[in-house]
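I'd like to walk you through one structure, so let's get it up on the screen.

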Amino acid sequence: MGLGIGAAGITLLFAAELLLGRLRLDGTTADPEVVSGIWVAISHIVVSAYMVWAWAAARRVTAQDLVSLAGLGAVVAPAAGELRARRLALACAGALGIAASVLITTQSPDFESFAVSWSAESVWHRILAPFMGFMIGQLMALVILDSARISRAADTIDSVDLLDPAPLRFFARHGQTNALLLLGLLSAYSLFLVDLRYLWIFAVIGLVAVPGTVAAFALPLRGARSLIRRTKERELASCRDRIRRARTAMEGGGAGGPRDRLDELLAWEARVQAVREWPFDTGVLARLALYLLLPLGSWAGAALVERLIDSLLG
């Protein structure tokens with residue numbers, strides 16, 4: 001869906017430029033401002049297409065993980081009041097995103113107050129900017145609300161098998177996906193950095209996306225950690241109670257059986273204590289570190305593509 005929207009938008013952009021005579025049929029233009037405007041329009045289209053894909057991906061991953069939670073015995077059905085609060089939060093986030101995009105647009109380097117003075121490329125900027133702001137607000141709210149929902153659902157699970165961490169891996173996967181989607185937003189916005197006049201806009205997006213990434217990554221893991229900790233505490237309490245009984249039996253002059261039993265219980269206690277409470281390993285942290293490099297790689301790729309467009313259209 002995202003690739004289709006992006007390809008269709010860029011094709012329509014170039015078709016409109018050709019029909020309006022702002023590009024010659026051989027694909028060249030003599031006006032560097034037109035080339036710059038086309039690149040900014042392409043960046044708007046790519047970000048818009050990415051936001052649609054990211055929003056759909058976030059919803060799909062949450063639906064899959066709710067099924068996994070239900071398989072562990074969690075209560076995943078939301079209450080009516082929770083649904084109303086969720087819809088209100090999403091609507092407010094979308095409206096806030098639109099307002100922020102309008103404010104940012106009015107401060108952009110190429111903003112012109114009167115629509116009659118807009119270039120053909122600026123029309124794309126002005127139409128897509130509010131849509132981008134709306135989708136950014138929606139995506140940020142969606143991943144945080146869904147992460148909090150995953151965390152709350154984990155609190156309704158009675159216990160898990162401490163020796164089999166596989167059923168809990170989706171908690172880390174959910175956090176990783178959230179991080180990838182929000183850092184991908186920064187990567188998409190880095191396309192604008194071929195013109196450093198847009199650096200401050202990228203910084204504003206980063207100030208929102210980075211804390212959101214941390215929250216969306218940590219919330220599902222918090223629920224899993226709470227679940228593992230509850231199970232450990234319950235198992236350790238039961239184990240220590242059995243240890244006390246075995247010790248009492250051994251002190252009472254029993255045969256070798258109680259001593260053997262005590263050794264087994266002590267070994268089990270140590271095994272339970274060694275279970276990690278956070279359901280991820282160093283591989284998850286390594287992938288998260290690689291995600292942080294995505295904006296840099298996207299910016300470098302955008303610079304190369306911008307040079308190519310300059311050579312083709314300039």
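Let me start with a single side chain: Phe171 counts as buried, because its relative accessibility is 0% and the cut-off for buried is under 20%. One thing to keep in mind throughout is that this is a predicted model.

How many aromatic pairs does the count come to? The count comes to two. In one of them, the rings of Tyr50 and Trp53 have centres 5.5 Å apart and planes at 45°, so this pair is tilted. Both residues sit in helix H2, three residues apart, which is about one turn of the helix. Tyr50 is buried, with a relative accessible area of 15%, while Trp53 is partly exposed at 39%. The rings of Phe170 and Phe171 have their centres 4.3 Å apart and their planes at 25°, so that pair is stacked. Phe170 counts as buried too, at 4% relative accessibility.

Now to the nonpolar cores. The largest nonpolar core has 42 residues, and Met51 and Tyr189 are the ones with the most contacts inside it. Helices H2, H3, H4, H5 and H6 each supply at least two residues of this core. Which helix gives the most to this core? That is H2, with twelve residues. If you click on Tyr189 and set aside its neighbours within four places in sequence, you'll find it in contact with Val47, Met132, Ile136, Ile201, Phe202 and Ile205. Apart from this core lies another one, of 22 residues, among them Leu66, Leu162, Ala172 and Val272.

While we're looking inside, please find Thr213, which is in helix H6. Buried or exposed, what would you say for Thr213? Thr213 counts as buried, with 7% relative accessibility. Leaving out residues up to four places away in sequence, Thr213 touches Ala179, Leu182 and Leu183.

Let's move on to the empty space. Rolling a probe the size of a water molecule over the atoms shows where such space is left. The largest pocket here has a volume of about 550 Å³. It is lined by 28 residues, and the closest to its centre are Ser101, Ile104, Ile136, Tyr189 and Ile205. Five helices each supply at least two residues of the lining: H2 (32-71), H3 (80-106), H4 (120-154), H5 (169-189) and H6 (199-251). H4 gives the most to this lining, with eight residues. By class, the lining of the largest pocket has 18 nonpolar, eight polar and two charged residues.

And then there is the second largest pocket, with about 370 Å³ of space. Of its 22 lining residues, Pro165, Arg276, Trp278, Pro279 and Phe280 are the closest to the centre. The elements giving two or more residues to this lining are H5 and helix H8 (282-291). H5 gives the most, with four residues.

Technical notes:
Residues are numbered from 1 along each chain as its sequence is written. This is a predicted model: local features need pLDDT of at least 70, side-chain atom pairs count only at pLDDT 80 or more; totals for chains, interfaces and linings use all residues. Side-chain values use heavy atoms; hydrogens and water are left out. On a 1 Å grid over the protein atoms alone, a cavity is a set of points where a 1.4 Å probe fits but cannot get out, and a pocket is an open set with protein on both sides within 12 Å along at least five of seven lines; lining residues have an atom within 4 Å of a point. Grid points are joined across faces, edges and corners, and a volume is the space filled by probe spheres set on the points. Ala, Val, Leu, Ile, Met, Phe, Trp, Tyr, Cys and Pro count as nonpolar, Asp, Glu, Lys and Arg as charged, and the others, Gly among them, as polar. A nonpolar core is a set of buried Ala, Val, Leu, Ile, Met, Phe, Trp, Tyr and Cys residues joined through side-chain atoms within 4.5 Å. Buried means under 20% relative accessible area, exposed over 50%, partly exposed in between (1.4 Å probe, protein chains only). Contact means heavy atoms within 4.5 Å. Rings of Phe, Tyr and Trp (its six-membered ring) pair if their centres lie within 6.5 Å; planes under 30 degrees apart count as stacked, over 60 as edge-to-face and the rest as tilted.
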